[in-house]
Amino acid sequence: MLRDFGTVEPGSLSGPYDLCVAGTGPAGMTVALKVAAAGGRVLLLEGGGLGPTPESRAVYEGRNVGTVPYGHIETCRLRQFGGTSGHWAGRCAIFDRVDFEQRDIFDLPGWPISYDETYRHLDEAKSILDIPDAELTLEPATPWAEGPFRIGAYAMSPPTRFGVKYKAELEASGNIDCLYNANVTDLRLDENGERISAVVITGYDGREEIVEAAEFVIAFGAMENARFLLNANTQRTEGLGNQNDMVGRTFMEHFNVDFGKVLTTDERFWSEFVEEDGRTPPLMPTVAKMQDADIGNGIITMISAAQQRYYGRLAPYREARRAIICGVKPLRARVQENDSSLTCKDEYFIGTLTEQVPNRESRILVDPDDRDQFGKPKLLLQYEVTDQDWKTIESHAFELGKLLAGKDIARLRVREGLLDRTIGVGAHCHHMGTTRMSDDAKDGVVDKDCRVHGIPNLYMAGASVFPTGGGVNPTLTLVSLAVRLGEHLNAKAGRL
Ligand SMILES: Cc1cc2nc3c(=O)[nH]c(=O)nc-3n(C[C@H](O)[C@H](O)[C@H](O)COP(=O)(O)OP(=O)(O)OC[C@H]3O[C@@H](n4cnc5c(N)ncnc54)[C@H](O)[C@@H]3O)c2cc1C
């Protein structure tokens, strides 16, 4: 059943449910459907409406107090039914085996589970994301891209919008009670203070319901998962799962650094290597390169500016400006000297996605000076980047420049600010790491099963559990882990 919490008769939610899942994005929806399919009775709670609403969006407000700018706290997240899948781009890939190894570049332990274990449910995750036949194995290097690079593999989901794909199934479901406009504002521990006994749901009119369940999964995305646990401090003053001060730490993104422009010297490179969409296949550093140079993973794509489209009200003006300036050689040279964002259609620019290492100082906190409409401190981000991160960024740029020049294909005109590290690191809206998975509770928040250390029936779902962020988009991996979590909960309750 799918209902607006505002229309639910007070006191009519009859717990205890087998499972309460909070959040209807890819992570939460996947766990809920997996448990319901095995016969479990699920309460699925969504704080937003079926579409965007101003009152829900306001709950996601926050500010960054870190030394590195981050302008995407609100724009990277959708607080509504189906979560951020409402505007994700659908690019899917899997981590490298090396991403699961303990590497010297990390100050903290890496993944406590293996690549094979993480992707045990890959086929199911691919079906959920509507890419059942996608071939995601890395390809060997080609004559155009070899040496320190190999070719990455990815697939494009349609992209799957979870709120659209599963709405009818939830409406018809006898096992899932899904409520929207149902904000999860707290969890209650039982009288011994050991297990979670109930969830506190608050409506936009301030009405509260407390509902019991046997197991609880929080799936709000990596920023909000941490804010929620830190604010759930009515019975444990430090927040839930935060006995080692790890909740919110190691917030990771994927950097999106614009290295500069590619000036072509051999046109065959573009005609033979560039694909129909005007992009080169994704270049990734080889494992040997990463290990030898002590750098992280990532993707570099060279994109034909002919494919670049302008959007918005000013698009026709910007198109016309580009056509005029690019058509007059001396004018073009003069303008481009001062404005590196102007690309002419015969040029190529560079898109990157670069691994950020887990760093305790890059973290989610809560704002002592500002509260949301439910009285909870708002999100405070402290975004930080390390020397190790810059080393990875610089190495990727340097190796690309060497590859292009060495083959006499092109030259890389490096953007100002890259070498003195004053350039912005950009973002991909890939929030990860704030409730990281670890064997030892001192190094993380959840164990191998995504269960919060020290609380036997509280689980976290989503990329917040990633101990490291790898060098590819995260959603396929987090959906694989969500299927695995659903299976774990079914086995625990004897539902298999
Ligand atoms: C523009 C954009 C493009 C992207 N492109 C890609 C891509 O190409 N490939 C890729 O892999 N990833 C991409 N991503 C990232 C992808 O969207 C996320 O990885 C994914 O949505 C995370 O899923 P989730 O379920 O963990 O969190 P979300 O999708 O954010 O879902 C969280 C849910 O929790 C709900 N919620 C929050 N707080 C509460 C509360 N207190 N009570 C109840 N409910 C609550 C929210 O409303 C939401 O429904 C992109 C993101 C953006 C913004």
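Predicted model: local features only at pLDDT ≥ 70, side-chain atom pairs only at ≥ 80, totals over all residues.
A nitrogen atom of the ligand is placed 2.8 Å from an N or O atom in the side chain of Thr475, a polar contact in the sense of a pair of N or O atoms within 3.5 Å, where pairs within protein also require one atom able to donate a hydrogen and the other able to accept it, and residues adjacent in sequence count only if both atoms are side-chain atoms. Residues are numbered from 1 along each chain as its sequence is written, and side-chain values use heavy atoms, with hydrogens and water left out.

A polar backbone atom of Gly47 lies 2.9 Å from a nitrogen atom of the ligand, and a polar backbone atom of Gln80 lies 3.0 Å from an oxygen atom of the ligand. The shell around the ligand comprises 35 residues, of which Glu46, Gly47, Thr84, Arg91 and Thr475 come nearest; a residue is counted as near if one of its heavy atoms lies within 4 Å of the molecule. By class, this shell contains 15 nonpolar, 16 polar and four charged residues, where Ala, Val, Leu, Ile, Met, Phe, Trp, Tyr, Cys and Pro count as nonpolar, Asp, Glu, Lys and Arg as charged, and the others, Gly among them, as polar. At least two shell residues are supplied by each of helix 1 (26-37), strand 9 (183-189) and helix 13. Helices (H or I, at least four residues) and strands (E, at least two) are DSSP runs numbered from the N terminus.

The largest nonpolar core has 136 residues, and Val199, Leu283, Leu400 and Leu458 touch the most other members. Such a core is a set of buried Ala, Val, Leu, Ile, Met, Phe, Trp, Tyr and Cys residues joined through side-chain atoms within 4.5 Å. Helix 13 (residues 475-492) provides the largest share of this core, eight residues. Apart from its neighbours within four places in sequence, Leu400 is in contact (heavy atoms within 4.5 Å) with Phe149, Phe259, Leu283, Ile300, Met302, Ile350 and Leu412.

Met460 belongs to strand 19 (residues 458-460) and is buried, because its relative accessibility is 0%; buried means under 20% relative accessible area, exposed over 50%, and partly exposed in between (1.4 Å probe, protein chains only). With residues up to four places away in sequence not counted, Met460 touches Ile218, Asn225, Leu229, Thr435, Val446, Cys450, Val452, Val465 and Leu485. Its C-alpha atom is separated by 56 Å from that of Lys329, 131 residues apart along the chain.

Asp372 occupies the loop between strand 16 (363-371) and strand 17 (377-382) and counts as buried because its relative accessibility is 8%. The side chain of Asp372 reaches the backbone nitrogen of Phe374 at 2.8 Å, and, with residues up to four places away in sequence excluded, Asp372 touches Val59, Arg227 and Lys378. Asp447 is located in the loop between strand 18 (410-414) and strand 19, and its relative accessibility of 17% makes it buried. A polar atom of the Asp447 side chain lies 2.8 Å from the backbone nitrogen of Asp449. Under the exclusion of residues up to four places away in sequence, Asp447 touches Met437, Ser438 and His453.

Several backbone features occur in loops. The peptide bond from Pro158 to Pro159 is cis, with omega near 10°, and Pro159 is found in the loop between strand 7 (155-156) and helix 5 (162-165). Asp245, a residue other than glycine, has a positive phi near 55° and lies in the loop between helix 7 (222-231) and strand 12 (260-264). Thr250 is found in the loop between helix 7 and strand 12, and its phi is positive at about 55° although it is not a glycine. Asp245 counts as partly exposed because its relative accessibility is 35%, whereas Thr250 is buried, with a relative accessible area of 0%.
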